[in-house]
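Subject: Structure for you to look at

Hi,

Here is the structure I promised to pass along. Please open it next to this message, and my notes on what turned up follow below.

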Amino acid sequence: MSATLSRGSLQPGQQKLAEKFTILNDRGIGMLTRIYNIKKACGDPKAKPSYLIDKNLESAVKFIVRKFPAVETRNNNQQLAQLQKEKSEILKNLALYYFTFVDVMEFKDHVCELLNTIDACQVFFDITVNFDLTKNYLDLVVTYTNLMMLLSRIEERKAIIGLYNYAHEMTHGSSDREYPRLGQMIVDYENPLKKMMEEFVPHGKSLSDALLSLQMVYPRRNLSADQWRNAQLLSLISAPSTMLNPAQSDTVRTQYIAYSTYDQAALSLWKLALQSSTCLCLFRDEVFHIHKAAEDLFINIRGYNKRVNDIKECKEQALSHAGLMHRERRKFLRSALKELATVLSDQPGLLGPKALFVFMALSFARDEIIWLLRHADNIQKKSTDDFIDKHIAELIFYMEELRAHVRKYGPVMQRYYVQYLSGFDAVVLNELVQNLSVCPEDESIIMSSFVNTMTSLSVKQVEDGDVFDFRGMRLDWFRLQAYTSVSKASLGIADHRELGKMMNTIIFHTKMVDSLVEMLVETSDLSIFCFYSRAFEKMFQQCLELPSQSRHSISFPLLCTHFMSCTHELCPEERHHIGDRSLSLCNMFLDEMAKQARNLITDICTEQCTLSDQLLPKHCAKTISQAVNKKSKKQMGKKGEPEREKPGVESMRKNRLLVTNLDKLHTALSELCFSINYVPNMVIWEHTFTPREYLTSHLEIRFTKSIVGMTMYNQATQEIAKPSELLTSVRAYMTVLQSIENYVQIDITRVFNNVLLQQTQHLDSHGEPTITSLYTNWYLETLLRQVSNGHIAYFPAMKAFVNLPTENELTFNAEEYSDISEMRSLSELLGPYGMKFLSESLMWHISSQVAELKKLVVDNVEILTQMRTSFDKPEHMASLFKKLSSVDSVLKRMTIIGVILSFRSLAQEALRDVLSCHIPFLVSSVEDFKDHIPRETDMKVAMNVYELSSAAGLPCEIDPALVVALSSQKSENISPEEEYKIACLLMVFVAVSMPTLASNVMSQYSPAIQGHCNNIHCLAKAINQIAAALFTIHKGSIEDRLKEFLALASSSLLKIGQETDKTTTRNRESVYLLLDMIVQESPFLTMDLLESCFPYVLLRNAYHAVYKQSVSSSA
């Protein structure tokens, strides 16, 4: 509620002291902000007004500064000629700077006027009684002093003001009307301290009264840490019996004021002030070295030599002891705030009675942090140990924890203080008012309104979420202080100190109800870090480097939320700059924290992968060998060879004090993860940051790189890790990542899904190769290429590719990359998508071979057409066969196709086994669906079912991937009928070429491997699959075409039974077996059909012969 008083010409009601103080203090901060930005702009070559560094204007600027503040436009045309050209631009661009200086001059006028009014009114000041009036008076003096000193530090002020005025003179024919006074002010304040010392002589009494009132407060704030400790300052548990009692003080509101205010104002307590600091803050990062300035000031004043000696003594004291004193204070505050935060988190109800302790703790910690920041950047001492605090993050962290408690439990505090105001404060105030001997009507109305306002409060308002607003009441009390503090006031507050102290306590209680956020800003704002970016970043790095402090690293991003509170409405242009700085710093801090956590996780994963590697089967050979040697009592190969440690030895602890590297990593990780998990998100300048997401994204990137890195693919040597070993490493990696959920609330399954799914594609989201592309390339370009070159054979009995003994030994063992366990591991790694990509790549190679085969068919089309209809004419067939070209090439290409299809069948079988373990019900459903397709089903529908089955690793009568690959081949100028004919003739070509295989030495069948060393047994799979795919595409009868193939092949092979040349028939029996293999492999051919074309007795004799031959050769 507001009230007004009607009095005489010098009555406080008309002077409006409270309103003027409020407005001028706020405007003073705004002016400081603008002057600060001008100084920084002029100090930055990039931001400095271009006219001050323009070479063409250099002589004009020097002339103006030299003559300042005089204006001489005549007889200087040569020096000012360039200025004439730029005058309009200068007026436009320097207006903001010039009128800021004009605003400073106006602000100075208003301050001087108010100070004179206060002297005339003989205002009484006592910080413990009329707190608001005294504090605002001291604030105004400090703000005004800082402003004038900061103004004098702008070296370009004369150039800017002079340039603008000269441009104004040239444009309008006269100087700006404010220029004469402004120029004189700039000249007067060349030495601001000296000028203001003269200026404040008339205000000496008022100022000294206000400062002397600090004698009860300032020394109490300047005690050593030991004195604080002995007094159990800020402790809630030192006296358990009084824990629920409200924290009270006669000077409640002086307990949480920033003592930097005292330092700057307490000249009567100047020794104490000079001993505790070496520099004071003018504004933000602009500091004032007090000892040097005081020496320079007093040395020129007669009779003050003793003061100069005192200053030198204080300086020595500050340099030698201040750092240590403040370091010990910070050490005490760390433990005190930790205790306070711990107790309040367990018993938040104590925030009501002990709110004063919270804000005192925040204020004390804030002051010590700012002191350190200011002095660390302006050290005047060789030893800097006292100015480097590696535990500063911990103190900031506990401050943030207390701030969080206040924000979270605000309603608890509101509830407590609403009851306090209505049930106690209103009653006590009413008694005090009733007991006043003299109480004028106007003052009585205001006091009554206070009592009524407090009495009307109820807890229900808090429960209903009503918004409280006591700003009117606080402003009325401020006005009342002004009315009752002037001389000859009807009700003098100096005579009623209890009333003043009680009202100050009540005002504090009202702030606990409606101004908690503002109180947090007032007592714990650390936005000054915004202007000490280098020190801020250095503190953060020190925090991360110290494992015990990394749990508090989140305090640095949280500090970025403070930055916007230092902006002012009189300087809106800096909001974007400060906002961007807060965003970039927060982003950088969270990114660094996530990187550090990621690096620790990577190190743990590396250790775990090493341990998992020890369990691989390949490492057990040595252990088995040692065991065998011990049994047979054989001596060791080398004397003194150390016995290999068994896996798991690292887990056997003989001493619990023994700390391994893995222990250290886990400890460091848990500390850092605590910090990352501390807040779910934070809002900075309308941007929301989520610390956990930073960790998630870094883990995704690192997991991706690690998986690809663990393949150990070397393009030069074509080396790659075995799929089983990679799978073991990946599983070890994933186990570690899953354990991260114990530390941080992140969805690690999402990380796995994002990363592992990307690894099933050809390229990841960043366009980098994946394990799918690496393994696909390796199997195609390395393993299968060596198969084609005859260095590797496919052994059906082992279901693996095996190295053949050759002159040039291969660098890898094919069996170790293609057996069942390795293919299953590959399927686990690549998944159905990756295996599909592998299949498509294999089919692309097959389609290129088929394209070449078609070209060979076209070259022999006429001969093959005749042979197709002459298979019952042996002599004619023999003569036609001799005319055929590229017979060996056809067989070789078909063998390559068979090898690729054999590898694919291994991959598909492995995929089916893996999926049967993971999704057995789904696989069985797909299998059942495939097995029950009606024969009359449309081919398109059937192909969709086959595609589904193939994706699950099930074998199909017609390979859908092969059909897609072959159907994509489009031959120009060839009709569908011609394409169909070429497909038919391709089967004829293969059939009539088969007898030539008998002459090859490598075509001998080996019962041990159930195949041929030159891989011709793979022809069975190639013939069946190619026929099925081609005749599905061309809508022909697969069964009829395979019958035709069988007739031609059996006829051709029966002919070599009549041959007498041993070279051409050396492996005749081994080739006969191909017919049996083709029929066994085909879903379209039967043994009955084979019997009608090729006598079974020949097959039986052929099996007998090859087995007999293998026994004799092995013997």
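R157 sits in helix α6, which covers residues 157–172. Please keep in mind that this is a predicted model. Is R157 buried or exposed? With a relative accessible area of 7%, R157 falls under the 20% cut-off and therefore counts as buried. Leaving aside residues up to four places away in sequence, R157 touches F101, L151, S152, I186 and E190.

The largest nonpolar core has 351 residues, and F359 and F801 are the ones with the most contacts inside it. Helix α4 (residues 77–121) gives the largest share of this core, with 18 residues. There is also a second, separate core of five residues, and A793, F795, V802 and L804 are among them. As background, nonpolar side chains tend to be buried together in soluble globular proteins.

α31 has 12 residues, 748–759, and at 1.5 Å a residue they should span 16 Å. Its end C-alpha atoms are 16 Å apart, which agrees. Which residues of α31 are buried? They are I748, V751, F752, V755 and Q759. Viewed down the axis of α31, these buried residues fall within an arc of 95 degrees, so they line one face of the helix. The elements covering them include α29 (691–710), α30 (723–739) and α32 (771–788). At the start of α31, a side-chain oxygen of D747 comes to within 3.2 Å of the backbone nitrogen of T749.

How many disulfides does a search of the whole structure find? The count is zero. Two cysteines show why. For C314, the closest cysteine sulfur is in C279, at 15 Å, which is too far for a bond. C314 is also buried, at 2% relative accessibility. For C605, the closest cysteine sulfur belongs to C609 and lies 6.2 Å away; a disulfide needs the two sulfur atoms within 2.5 Å, so this pair is too far apart for a bond. C605 is buried as well, with a relative accessible area of 0%.

Happy to go through any of this with you.

Best wishes

Terms used
Residues are numbered from 1 along each chain as its sequence is written. This is a predicted model: local features need pLDDT of at least 70, side-chain atom pairs count only at pLDDT 80 or more; totals for chains, interfaces and linings use all residues. Side-chain values use heavy atoms; hydrogens and water are left out. Buried means under 20% relative accessible area, exposed over 50%, partly exposed in between (1.4 Å probe, protein chains only). Helices (H or I, at least four residues) and strands (E, at least two) are DSSP runs, numbered from the N terminus. The expected span of a helix is 1.5 Å times one less than its number of residues. The arc is that of the directions from the helix axis to the C-beta atoms. Contact means heavy atoms within 4.5 Å. A polar contact is a pair of N or O atoms within 3.5 Å; within protein, one must be able to donate a hydrogen and the other to accept it, and residues adjacent in sequence count only if both atoms are side-chain atoms. A nonpolar core is a set of buried Ala, Val, Leu, Ile, Met, Phe, Trp, Tyr and Cys residues joined through side-chain atoms within 4.5 Å.
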